[in-house]
Amino acid sequence: MALTDPITVEALPDLLKDDNKVKLSGVDVDGMLRGKIVSKKKFLSIAKEGFGFCSVIFGWDMHDKTYAKELKISNKDNGYRDLIAVPDLNSFRRIPWEDNVPFFLVRFFDDDSKPVCADPRGLLRTTVEKLKKEGYDAMAGAEIEFFQFKVPSSPSSSNADSPAPSVISYLNNNPPHALPPLTEGMFGYSITRPTLNKSYYYDVYNSCAKFRCDLEGWHTESGPGVYEAALEFGQIEEMADRTSLFKYVVRSVANGYGITPCFMAKPRHGLPGNSGHTHVSVVDKDGKNLFFREEKDENAKYPDIAHLSDLGRHFLAGILEGMPDIMPMLAPTINSYKRLVENFWAPVTVSWGLEHRAASVRLIAPPTSKPGATRFEIRVPGADANPYFVMSAILALGWRGVEKKLEIPIPPLGKGQDVGGNADPGARLAKSLREATDKFMRKDSIAREVLGDDFVDHYGGTRENEIRLWDEAVTDWELKRYIETV
């Protein structure tokens with residue numbers, strides 16, 4: 001059976017004939033994979049109807065601490081009830097670094113068969129279905145940057161039978177800035193630097209290929225120990241899966257080399273952060289790009305959009321109008337906003353421009369690209385963002401623009417014009433998770449209009465929990481600054 005063929009329940013016994021177990025995983029709101037191994041017998045019995053999966057994965061944070069303010073999906077009053085987890089058979093893969101164990105992603109449903117509002121895969125599916133009802137689909141691409149650190153070996157860890165040094169143990173006894181990067185210095189696009197860790201470097205690339213997370217590009221980025229991966233362009237739901245699973249590949253492979261990959265938005269002060277740039281386009285049922293204008297518009301309001309279709313213009317307008325209201329989906333953590341600051345190649349305003357790499361939205365279109373590659377690159381998300389939420393938000397806002405036939409609200413940035421300057425009329429994006437969450441959750445938020453109250457209330461509640469934990473934290477900066485001065 002070719003992997004491009006739909007997988008049916010009836011085909012599973014033959015597909016898994018040499019296996020005795022299956023690994024299953026869902027995705028939580030922080031983009032973390034949550035799952036388990038089940039026997040083949042169990043899997044075959046639940047492959048069609050699904051199985052019970054504890055809802056607590058939507059009732060606690062990334063460190064398994066239940067939310068201080070309990071949320072509707074999972075709480076004490078409902079006994080942290082089970083949800084129904086239904087395997088997505090077409091997500092089938094084998095995990096090469098785990099003896100080729102079969103792997104499937106799941107979607108979560110309530111007992112009335114309604115998708116769970118906060119299930120990232122379900123939210124994206126619901127959003128895509130709006131386009132499919134009109135005969136359209138969406139394509140996407142993702143670029144993920146990440147730092148890598150390597151804990152120094154201790155005498156005890158030099159033994160071949162000893163586990164790799166633990167980064168958590170190291171940080172319990174050392175300040176964070178002492179954690180050494182995989183390589184030193186700033187050397188983007190180096191073809192020699194990867195040879196210092198070539199076994200690891202090629203292991204990641206080859207494991208991605210074996211795990212159906214194919215990469216189009218893989219290189220060093222500017223920063224100590226920083227790599228960037230460009231994932232192979234594809235249908236938007238598959239792209240979100242592959243972006244999420246890419247992190248799983250990297251972390252799993254890195255474990256064998258004693259390396260800790262770090263996808264947080266801004267790991268180090270004074271250096272660029274980790275971006276998660278996301279590319280999106282809309283296609284018809286035959287796969288034709290619908291953002292490209294067949295004939296150049298000589299009378300376009302802005303020269304930048306001379307080759308952009310009316311549908312593409314409305315889609316862009318929708319993104320620009322709604323972006324301030326969905327920022328927690330693009331920048332989900334306290335740390336996210338340390339990346340979104342001036343002078344570090346990161347967008348800080350609602351802005352756009354043809355081939356403009358400082359703007360929030362970079363339009364990629366003729367004459368600088370081929371017609372079929374016309375798309376928008378959303379440059380706000382960091383590598384810490386949940387890719388399902390990023391792509392859901394972009395698609396929902398863009399489609400709202402199409403349905404309402406919105407007009408582009410601001411002029412493009414010209415070449416040489418930076419964000420935040422006099423030539424940039426766009427609103428400043430949120431400077432903190434608190435500001436972003438307040439806009440996201442307000443009663444007239446565009447997020448509520450396009451994603452629904454249930455999702456906004458739940459996800460917003462999880463961000464409020466993150467803010468509360470930050471408010472209670474005492475940082476190294478505070479201690480160093482005030483320990484003997486006040």
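On a 1 Å grid over the protein atoms alone, a cavity is a set of points where a 1.4 Å probe fits but cannot get out, and a pocket is an open set with protein on both sides within 12 Å along at least five of seven lines; lining residues have an atom within 4 Å of a point. The model is predicted, with local features requiring pLDDT of at least 70 and side-chain atom pairs pLDDT 80 or more, while totals for chains, interfaces and linings use all residues. Residues are numbered from 1 along each chain as its sequence is written, and side-chain values use heavy atoms, with hydrogens and water left out.

The whole structure contains 3 cavities of 30 Å³ or more (a volume is the space filled by probe spheres set on the points, and grid points are joined across faces, edges and corners). The second largest cavity holds about 50 Å³. Its lining consists of Thr183, Gly185, Phe187, Arg193, Thr220, Glu221, Gly223, Gly225, Val226 and Tyr227. These comprise 3 nonpolar, 5 polar and 2 charged residues (Ala, Val, Leu, Ile, Met, Phe, Trp, Tyr, Cys and Pro count as nonpolar, Asp, Glu, Lys and Arg as charged, and the others, Gly among them, as polar).

Strand E6 (136-150) and helix H10 (387-404) each supply at least two of the lining residues (helices, H or I of at least four residues, and strands, E of at least two, are DSSP runs numbered from the N terminus). The greatest contribution, 3 residues, comes from H10.

Of its 34 lining residues, Glu143, Glu145, Glu228, His277 and Arg379 are the closest to the centre. By class, the lining has 12 nonpolar, 11 polar and 11 charged residues.

H10 also packs against helix H7 (residues 310-322), at an angle of about 120 degrees and with the axes 6 Å apart (axes are lines fitted to C-alpha atoms, for helices over the stretch in contact, and angles run from 0 to 180 degrees between N-to-C directions). H7 and H10 are therefore oblique to each other (angles under 35 degrees count as roughly parallel, over 145 as roughly antiparallel, 65 to 115 as roughly perpendicular and the rest as oblique). The contact of H7 with H10 has 8 nonpolar, 5 polar and 2 charged residues.
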